[in-house]
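Hi there,

Here is the structure I promised to pass along.

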Amino acid sequence: MILLTFLTALALSSVAAYYSVIGLAAIFPGSFWPIIIMGSTLEAAKLVSVSWLYRNWKVAHIGMKSYLSVATVILMLITSMGIFGYLSKAHLEHSADISPLVTKVELLNEKIRITKDNINENHKIINQFDEQVNQTMVRSSDEKGISNSVTIRRNQQKERSRIQAENETYQKRVGEYMEQKLSLDNQVAKAESDFGPIKYVAELVYGSGDKTLIDKAVRLVIMLIMVVFD
């Protein structure tokens with residue numbers, strides 16, 4: 001049992017040290033290897049300080065015990081910051097993978113809206129043309145009125161053909177945008193499914209799965225992990 005306890009404590013300390021050192025390097029990416037060396041030294045110093053205090057607590061001078069106790073607490077805070085940095089980086093990287101996809105979907109939605117607006121505007125113009133022809137026929141029921149309406153429609157034909165061709169192009173474009181959007185929506189849904197568990201945590205703690213509350217829930221979980229490690 002003692003051996004199992006020792007191995008478990010050693011494994012926990014090793015994993016915490018790895019997360020802490022890599023996390024500190026993530027916080028200060030401009031000096032990767034110096035931070036790795038510094039973080040490793042701090043981790044070793046923390047373990048040695050705790051071990052020394054445990055073995056010499058009854059015989060050590062009060063000043064030495066106080067200094068090493070305070071230093072150990074500060075070292076724990078520093079290494080905990082490293083763990084926080086490591087896990088936060090993992091969360092932010094995954095969130096960053098989704099952001100471009102969401103932006104592309106929003107852009108496509110805007111393009112679809114604008115294109116459909118253009119189609120609707122063209123439909124309004126066609127309706128105005130039809131109204132002009134109908135009013136000409138209504139104002140005169142003789143052959144001259146019919147002839148005038150036919151003439152007006154003939155004069156409109158070129159513009160009608162242009163608008164019809166334009167609408168066909170717009171409709172084809174909308175179809176292409178919708179296909180692209182469907183593909184992106186599937187990618188976003190797949191990426192967001194990874195947030196499923198943390199959404200449940202956010203809803204359990206804060207009563208909502210909103211994006212802001214998900215980030216708060218992530219920070220809460222990370223802080224709990226930090227407490228367990230140190």
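Below is what I found, from the whole chain down to single residues.

First, the ground rules. This is a predicted model, in which local features need pLDDT of at least 70 and side-chain atom pairs count only at pLDDT 80 or more, while totals for chains, interfaces and linings use all residues. Residues are numbered from 1 along each chain as its sequence is written, and side-chain values use heavy atoms, with hydrogens and water left out.

**The chain as a whole**

The chain has six helices and zero strands, so the order from the N terminus reads α-α-α-α-α-α (helices are DSSP runs of H or I with at least four residues, strands are runs of E with at least two, numbered from the N terminus). The C-alpha trace spans about 120 × 40 × 35 Å along its principal axes. The radius of gyration of the chain is 35 Å, whereas a compact globule of 230 residues would come out near 17 Å; the radius is taken over C-alpha atoms, and the globule rule is 2.2 Å times the number of residues to the power 0.38.

Buried residues make up 29% of the 230, where buried means under 20% relative accessible area, exposed over 50%, and partly exposed in between (1.4 Å probe, protein chains only). The chain exposes about 15700 Å², with 64% of that supplied by carbon and sulfur atoms; the areas come from the Shrake-Rupley method with a 1.4 Å probe, and for residues only the protein chains shown count as cover.

As for contacts (heavy atoms within 4.5 Å), take the pairs of residues at least 6 apart in sequence: 65% of these contacts join residues at least 24 apart.

V21 is found in helix α1, residues 2-27, and counts as buried at 7% relative accessibility. Leaving out residues up to four places away in sequence, V21 touches I36, G39, S40 and E43. E43 itself sits in helix α2, residues 32-56, and is buried too, at 6% relative accessibility.

A71 belongs to helix α3, residues 62-139, and is buried with a relative accessible area of 17%. S193 is in helix α4, residues 143-193, and counts as partly exposed at 46% relative accessibility. The C-alpha atoms of S193 and Y54 are separated by 47 Å, and the two are 139 residues apart along the chain.

**Helix α5**

In helix α5 (residues 196-206), the buried residues are G196, I198 and A202. Seen down the axis of α5, they fall within an arc of 160°, so they line one face of the helix; the arc is that of the directions from the helix axis to the C-beta atoms. The face turned away from the buried side carries the exposed residues P197, Y200 and L204. Just after α5, G207 takes a positive phi of about 80°.

Happy to talk any of this through.

Best wishes
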